[in-house]
Amino acid sequence: MSEVVIFNPNDEQAVPITWDGLGALTIASVTYDSLDGATITGAGIVGNVTTFKLVGADPGRTYQVRATVTLTNGNKVAR
């Protein structure tokens with residue numbers, strides 16, 4: 001699953017990812033990896049939504065971020 005988010009590089013806007021289809025499981029933790037070397041800060045979890053902030057992005061450049069959640073049963077899911 002991929003999603004395109006467009007924002008001003010000077011903004012510190014939280015980017016949300018909604019994790020549908022988890023059933024009764026909840027998200028215990030989340031990690032983010034930038035596949036393009038961008039800095040990621042401010043990871044958060046509220047219910048089935050995780051958030052992060054991309055810092056120091058260059059205007060007009062596309063960045064790929066991989067999010068991995070660990071569920072309460074220990075399973076990991078990546079997007």
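**Entry 1: Phe 52.** I looked up the contacts of Phe 52 in this predicted model, setting aside its neighbours within four places in sequence.

**Entry 2: the core.** I next looked up the largest nonpolar core, which has 15 residues. Phe 52 is among the members that touch the most others, together with Ile 17, Trp 19, Ile 27, Tyr 32, Leu 54 and Val 69. Two or more residues of this core come from each of strand S1 (15-18), strand S2 (27-34), strand S4 (49-55) and strand S5 (65-71). I note as background that nonpolar side chains tend to be buried together in soluble globular proteins.

**Entry 3: S3 and S4.** I then followed the pairing of S4 with strand S3 (residues 39-46), and found it antiparallel over 6 bridges. Thr 41 stands opposite Lys 53 of S4. The two strands form a hairpin with 2 residues between them. In the turn, Gly 47 has a positive phi of about 65 degrees.

**Entry 4: Arg 66.** Beyond four places in sequence, Arg 66 is in contact with Thr 31, Tyr 32, Asp 33, Leu 35, Ala 78 and Arg 79. Asp 33 is 33 residues from Arg 66 in sequence, yet their C-alpha atoms are 5.2 Å apart.

Methods. Residues numbered from 1 in each chain as written. Predicted model: local features only at pLDDT ≥ 70, side-chain atom pairs only at ≥ 80, totals over all residues. Heavy atoms only, no water. Core = buried A, V, L, I, M, F, W, Y, C linked by side-chain atoms within 4.5 Å. Buried < 20%, exposed > 50% of the residue type's maximum accessible area, 1.4 Å probe, protein only. Helix = DSSP H or I, 4+ residues; strand = E, 2+ residues; numbered from the N terminus. Contact = heavy atoms within 4.5 Å. Pairing = 2+ DSSP bridges.
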